[in-house]
2 protein chains.
Amino acid sequence: MEKASASEPVTMATLARQVGVHISTVSRALQEPRQETSNRTTLKIRSLADELKFQPDATASRLRKGRSRLIGVTVPNLTDPVHATTYEGIDREALSRGYSTMVIMSANLEDLSPARANSLIRSRVEGIIIQDTFEGDQLPASLRERGIPYVLCLRKGDHDLSVAVDDLLGGRLAAEHLAARGHTDVAVISPDSSVSTGRDRVEGFLEGMRAHGVQVDAARIVPAGFDLASGQRAAEAILGWAKLPTAIFACNDLTAAGLMFRFREAGVEVGRDLALIGYNDIEIARHLPVPLTSVASPLQELGSQGVDTLIDLIEGKTTGPVSLMPHLIPRASTLSWAG
Amino acid sequence: MEKASASEPVTMATLARQVGVHISTVSRALQEPRQETSNRTTLKIRSLADELKFQPDATASRLRKGRSRLIGVTVPNLTDPVHATTYEGIDREALSRGYSTMVIMSANLEDLSPARANSLIRSRVEGIIIQDTFEGDQLPASLRERGIPYVLCLRKGDHDLSVAVDDLLGGRLAAEHLAARGHTDVAVISPDSSVSTGRDRVEGFLEGMRAHGVQVDAARIVPAGFDLASGQRAAEAILGWAKLPTAIFACNDLTAAGLMFRFREAGVEVGRDLALIGYNDIEIARHLPVPLTSVASPLQELGSQGVDTLIDLIEGKTTGPVSLMPHLIPRASTLSWAG
DNA sequence: CTGAAAGCGCTTACAG
DNA sequence: CTGAAAGCGCTTACAG
């Protein structure tokens with residue numbers, strides 16, 4: 001509650017004065033990583049720095065070195081556990097590589113124009129991980145033009161280096177799982193088609209079903225978002241159909257949970273009456289009343305590879321896109337269907 | 001993919017040279033907020049800045065001004081929607097007040113010592129919002145000693161300015177709701193008692209029940225965490241009791257969901273066989289198979305008040321602690337109990 | 001209004 | 001090893 005009287009901030013000049021050396025000597029003594037030494041001056045400087053709890057001004061150091069060791073991250077929001085988990089992976093890896101991260105939630109901004117990176121650019125981040133790209137996004141081109149290294153993470157773009165899960169494969173895995181269980185009348189919940197994850201999962205699924213001789217009727221593709229409420233609305237729509245499908249691929253775990261909950265209200269038991277597959281295998285999936293079969297994405301890993309790729313770019317190393325493998329985790333929501 | 005040839009970065013010096021004026025004139029012309037003007041030089045500078053997509057180096061500006069306009073935030077993690085939502089509220093308000101935020105996830109750090117704020121201090125944040133404090137936390141004292149303004153948000157501490165929901169009241173609301181429905185045999189799921197939210201909710205609840213003449217047996221207080229899995233474990237434990245309670249206060253929505261799911265597996269239907277109350281009213285609460293009665297916390301509001309309070313502190317204004325009111329949202333999980 | 005100078009707190013070649 | 005100087009990109013009192 002009480003605020004210490006704002007005493008003069010401790011700078012290297014303070015330490016220099018008190019030890020009686022030149023400021024450049026202080027700077028050298030405190031250089032990270034610290035070398036083992038028995039130099040008395042160095043030791044004296046370090047112990048005084050500890051005592052006064054000196055923290056060097058990163059602002060000044062960045063300015064002088066021309067390197068911020070800062071990575072910018074743009075996310076749509078952090079309340080979606082998919083984005084939060086990926087960002088956690090990014091931050092953890094960035095820390096271990098000696099970088100800090102700065103995150104921008106585009107949900108908190110007025111518009112999604114390239115301007116959403118401006119505050120990051122002003123902070124002179126060395127590169128940007130774009131986790132919130134969408135169809136028609138101008139940001140990547142704008143960064144390319146300015147020579148700022150960037151990587152798309154989670155979602156892909158048409159002409160940009162991306163670190164993502166192979167969502168086409170994920171969709172196919174879901175299709176194969178259902179096809180192998182004899183499902184031919186299936187529906188797909190298609191989340192926001194302006195982002196690659198939604199599009200690819202649906203496409204991979206349709207392709208996978210086709211490979212098994214099943215053509216999914218366009219009328220059985222239901223548009224939705226990435227959340228619970230839209231899953232419930234989708235269930236509502238499906239309940240109005242003349243005939244229920246025997247299986248549904250939801251492209252997203254929260255959406256799947258919404259479907260499951262709404263169906264149950266209507267007396268349709270997922271697993272028994274209807275097979276259901278989610279996507280990402282977030283924590284809740286395995287804990288739902290009927291444990292949810294889901295295509296697991298290695299999200300933490302995704303974030304950490306995103307950082308590694310970006311740092312390669314920053315350091316001028318050659319790198320390529322990264323595509324991580326999803327895998328399907330079968331659970332009761334697809335296993336107890338009678339057929 | 002291709003990286004633009006890293007052309008010379010555009011600085012104010014670049015603009016000055018091209019327009020043929022002194023750099024200080026450029027600085028003045030680009031000062032925010034921009035004044036309307038018809039000064040030709042100013043207009044020329046601004047249009048060149050736009051053309052070259054000049055973004056002033058905030059690092060340099062911060063150093064010179066001695067103000068970073070940066071707020072640090074420490075959170076335990078961001079995968080918990082409670083913390084993510086609060087942080088979103090913080091970031092939104094900070095933006096609208098002209099500040100940026102920098103977040104530290106303590107889950108990504110080796111230890112929780114006061115050192116978790118060091119990178120924020122090195123970045124010269126003007127103040128810190130501590131969202132992850134716990135019993136015995138040394139960080140607040142350490143910041144006080146250094147004269148760095150800070151506010152506890154969400155969780156409270158013993159001697160620190162905090163912006164929090166009145167969790168004692170929240171616990172009491174839950175107790176009153178249950179007592180009014182005739183429950184006398186109740187259990188409490190007590191999350192991590194090293195954080196104030198857990199302690200206060202339990203204490204308020206016990207007090208509220210006592211006010212209605214109900215003494216909760218210590219054996220009916222079950223320790224747990226803030227997540228689904230620990231709710232399921234708690235349900236497991238309760239299912240082993242000789243007699244089930246008629247109502248449970250879970251202190252957390254995810255924990256409540258875990259209880260609900262595990263009970264259902266065991267044939268115990270929440271709402272019908274057992275009343276259940278969660279806390280925070282996160283999105284999932286209303287969407288659960290049995291909609292969950294929950295004590296709603298205004299988390300976005302909490303974050304935004306946290307920022308306002310911190311900025312008051314930074315600007316040397318007098319402020320006091322903020323306590324926001326929770327309110328109970330009754331749903332089926334407590335309404336259909338037969339009594 | 002504009003220019004010239006000083007300085008924010010560091011780091012780093014360059015001498016000694 | 002240490003000191004002295006220059007400079008990173010800004011901003012801001014001070015002159016003119």
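Author: Helices (H or I, at least four residues) and strands (E, at least two) are DSSP runs, numbered from the N terminus. Arg69(A), for example, sits in the loop between H4 and strand S1 (70-75) of chain A.

Reader: What kind of model is this?

Author: This is a predicted model, where local features need pLDDT of at least 70, side-chain atom pairs count only at pLDDT 80 or more, and totals for chains, interfaces and linings use all residues. Residues are numbered from 1 along each chain as its sequence is written, while chains are lettered from A and ligands numbered from 1 in the order in which they are written.

Reader: What is the phi of Arg69(A)?

Author: Most residues other than glycine have a negative phi, and most peptide bonds are trans. Phi of Arg69(A) is near 50°, a positive value in a residue other than glycine. Lys53(B) also has a positive phi, about 55°, and is not a glycine. Lys53(B) is in the loop between H3 and H4 of chain B.

Reader: Where is a peptide bond cis?

Author: Look at Glu32(A) and Pro33(A): a cis peptide bond joins them, with omega about -5°. Pro33(A) is in the loop between H2 and H3 of chain A. In chain B, the bond from Glu32(B) to Pro33(B) is cis, with omega near -5°. Pro33(B) lies in the loop between H2 and H3 of chain B.

Reader: How do I judge burial? Is Ser333(A) buried or exposed?

Author: Count C-beta atoms, placed from the backbone: a residue is buried if 20 or more others lie within 10 Å of its own, exposed if 12 or fewer, and partly exposed in between. Ser333(A) has 29 other C-beta atoms within 10 Å, so Ser333(A) is buried. Its place is in helix H14 (residues 332-335) of chain A. Ser142(A), in helix H7 (residues 139-146) of chain A, has 18 C-beta neighbours inside 10 Å and therefore counts as partly exposed. Lys53(B) has 13 such neighbours, so Lys53(B) is partly exposed too.

Reader: Which residues are in contact with Ser333(A)?

Author: Two residues are in contact if their C-beta atoms, placed from the backbone, lie within 7 Å. Leaving aside neighbours within four places in sequence, the contacts of Ser333(A) include Val270(A), Leu276(A), Pro291(A) and Leu292(A).

Reader: Which residues touch the most other members of the largest nonpolar core?

Author: In soluble globular proteins, nonpolar side chains tend to be buried together. A nonpolar core is a set of buried Ala, Val, Leu, Ile, Met, Phe, Trp, Tyr and Cys residues joined through C-beta atoms within 7 Å. The largest core here has 174 residues, and Leu276(A) and Leu276(B) touch the most other members. Beyond four places in sequence, the contacts of Leu276(B) include Ile248(B), Leu259(B), Val270(B) and Thr334(B).

Reader: How is chain A divided into domains?

Author: The bounds come from an automatic or database domain assignment. Chain A has domain 1 (12-56), domain 2 (65-165 + 299-324) and domain 3 (167-298 + 328-335). In chain A, 14 residues of domain 2 are in contact with 11 residues of domain 3. H13(A) gives the most to the side of domain 2 that touches domain 3, with four residues.

Reader: What rotation superposes chain B on chain A?

Author: Two copies of a chain are related by a rotation about an axis and a shift along it. Copies are superposed by least squares on the C-alpha atoms of residues with pLDDT of at least 70 in both. Here the rotation is 180°, the shift along its axis is 0.0 Å, and the RMSD is 0.0 Å. That is the relation of a two-fold axis.

Reader: How many residues of chain B are in contact with chain A?

Author: 56 residues of chain B are in contact with 56 residues of chain A. H5(B) gives the most to the chain B side, with eight residues. Of the interface residues of chain B, 100% are also interface residues in chain A, so the copies meet through the same surface.

Reader: Which residues are closest to DNA strand D?

Author: A residue is near a strand if its C-beta atom, placed from the backbone, lies within 6 Å of it. 24 residues surround DNA strand D; the closest are His22(A), Thr41(A), Met12(B), Ser24(B) and Ala60(B). H4(B) supplies the largest share of this surface, five residues. Around DNA strand C there are 24 residues, and Met12(A), Ser24(A), Ala60(A), His22(B) and Thr41(B) come nearest.
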